[in-house]
Amino acid sequence: YNWHNIIMMNVCLVLCWLLSVAHGWTQRQSNKSNVFSSSSRRIVIEKLTAVVIGGATKPMVPTAVARNLPESTGATLSQVGTVTTLVPILQMKVALVQAQKLLLSSSSEQQSLLQQTQQKLLSVLPKKENDFKRRFDQYSTPVSYKQTFLDQNAFLVYYTKGFDGIDRPNIEADIPEQQSLQYGARNDCWVAWESLVAELEFSSSHPDDASSNDELKQLCEVTIQAMDRYLSLAPKQDVEEAMRQLK
């Protein structure tokens, strides 16, 4: 009994130390950038606190969760894969191209140029992650029942090597790739756009910073390239028709 108390006390001390280190690290990261938000720090601290408080009374058993599949953005899936839902995505790319032309212009009014660029982009591209990704999800191939099953039973599938019965093909043999490719490309678009928005906000408050203007041009190009990678997954004739509808 005494040894048990001593061991648990040491475990709690170690976890308390990890809690303080994690808190200090997140504070430093917050000072460097906006990537680690206050809500993210709060989640980390709450989870570590729960481990410290509950560790002495119950074993730390990992919770099985599906992490490989995209979370729902509330997208309407009634027009998946149609030109109608492709148009808003292409519209975002067009706005980025127009903003890029503004940034490359030889305007001497830097503040005015930044305001025009920011207005052009934020009038078309959603600033919130969920709203941004929802536009893509309304066009993209949704997660299939099979993908959901495989993700929720990943442990079983791994150790049975995909066995699905005698004389039946491996259960992982015909996993659809389109959804995974579109999901990855969509996430790349968001990461690029999020960085561009952050730089736009910085440039607006530091209009005399020449290096910031160069960074804007680079990030704008990166975002356009990410959009192009996503659009390359759509049928070429659909992209052409969507462009015709935008003109």
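This report describes the helices, packing, salt bridges and loop residues of a predicted model.

## Basis of the model

Residues are numbered from 1 along each chain as its sequence is written, and side-chain values use heavy atoms, with hydrogens and water left out. Because the model is predicted, local features need pLDDT of at least 70 and side-chain atom pairs count only at pLDDT 80 or more, while totals for chains, interfaces and linings use all residues.

## Overall fold

The protein chain has 10 helices and 0 strands. Its pattern along the sequence reads α-α-α-α-α-α-α-α-α-α. Helices (H or I, at least four residues) and strands (E, at least two) are DSSP runs, numbered from the N terminus.

The chain holds 247 residues, and 31% of them count as buried. Buried means under 20% relative accessible area, exposed means over 50%, and partly exposed lies in between (1.4 Å probe, protein chains only). Contact means heavy atoms within 4.5 Å. Among contacts with a separation of 6 or more, 79% join residues 24 or more positions apart.

Helix H6 covers residues 145-152. Its buried residues are Gln147, Leu150 and Asp151. Seen down the axis of H6, these buried residues fall within an arc of 100 degrees, so they line one face of the helix. The arc is that of the directions from the helix axis to the C-beta atoms. Tyr145 and Gln152 are exposed on the other side of H6.

What do the buried residues of H6 pack against? They pack against helix H7 (154-159) and helix H8 (178-205). Gln179 is found in helix H8. Gln179 is buried, at a relative accessible area of 5%. Leaving out residues up to four places away in sequence, Gln179 touches Pro70, Thr141, Pro142, Val143 and Gln147. Gln147 is one of the buried residues of H6.

## H3 against H5

Two packed helices are described by the angle between their axes and the distance between the axes. The axes of H3 and H5 come within 8 Å and cross at roughly 130 degrees. Axes are lines fitted to C-alpha atoms, for helices over the stretch in contact, and angles run from 0 to 180 degrees between N-to-C directions. H3 and H5 are therefore oblique to each other. The classes are roughly parallel under 35 degrees, roughly antiparallel over 145, roughly perpendicular from 65 to 115, and oblique for the rest.

H3 contributes Thr85, Pro88, Ile89 and Met92 to the contact. H5 contributes Phe132, Arg135 and Phe136. By class, the residues of this contact divide into 5 nonpolar, 1 polar and 1 charged. Ala, Val, Leu, Ile, Met, Phe, Trp, Tyr, Cys and Pro count as nonpolar; Asp, Glu, Lys and Arg count as charged; the others, Gly among them, count as polar.

## Salt bridges

Side chains of opposite charge can pair when their charged atoms come close. A salt bridge here is a side-chain nitrogen of Lys or Arg within 4 Å of a carboxyl oxygen of Asp or Glu. The count by this rule is 6 salt bridges. One of them joins Asp228 and Lys93, at 2.7 Å from N to O. This pair links distant parts of the chain: Asp228 lies in helix H9 (residues 210-231) and Lys93 in helix H3 (residues 83-104), 135 residues apart. Asp228 is partly exposed, at 33% relative accessibility.

Asp131 pairs with Arg134 in a salt bridge, with the closest N and O atoms 3.0 Å apart. Both lie in helix H5 (residues 129-137), 3 residues apart, about one turn of the helix. Asp131 is partly exposed at 29%, and Arg134 is partly exposed at 24%. Arg244 and Glu241 also form a salt bridge (2.8 Å, N to O). They sit 3 residues apart in helix H10 (residues 236-246), so about one helical turn separates them. Glu241 is partly exposed, with a relative accessible area of 27%.

Most residues other than glycine have a negative phi. Which phi does Lys161 have? Lys161 has a positive phi of about 55 degrees although it is not a glycine. Lys161 is found in the loop between H7 and H8. Lys161 is exposed, at 69% relative accessible area.

Asp167 lies in the loop between H7 and H8. Asp167 is not a glycine, yet its phi is positive, about 60 degrees. Asp167 is exposed, with a relative accessible area of 79%.
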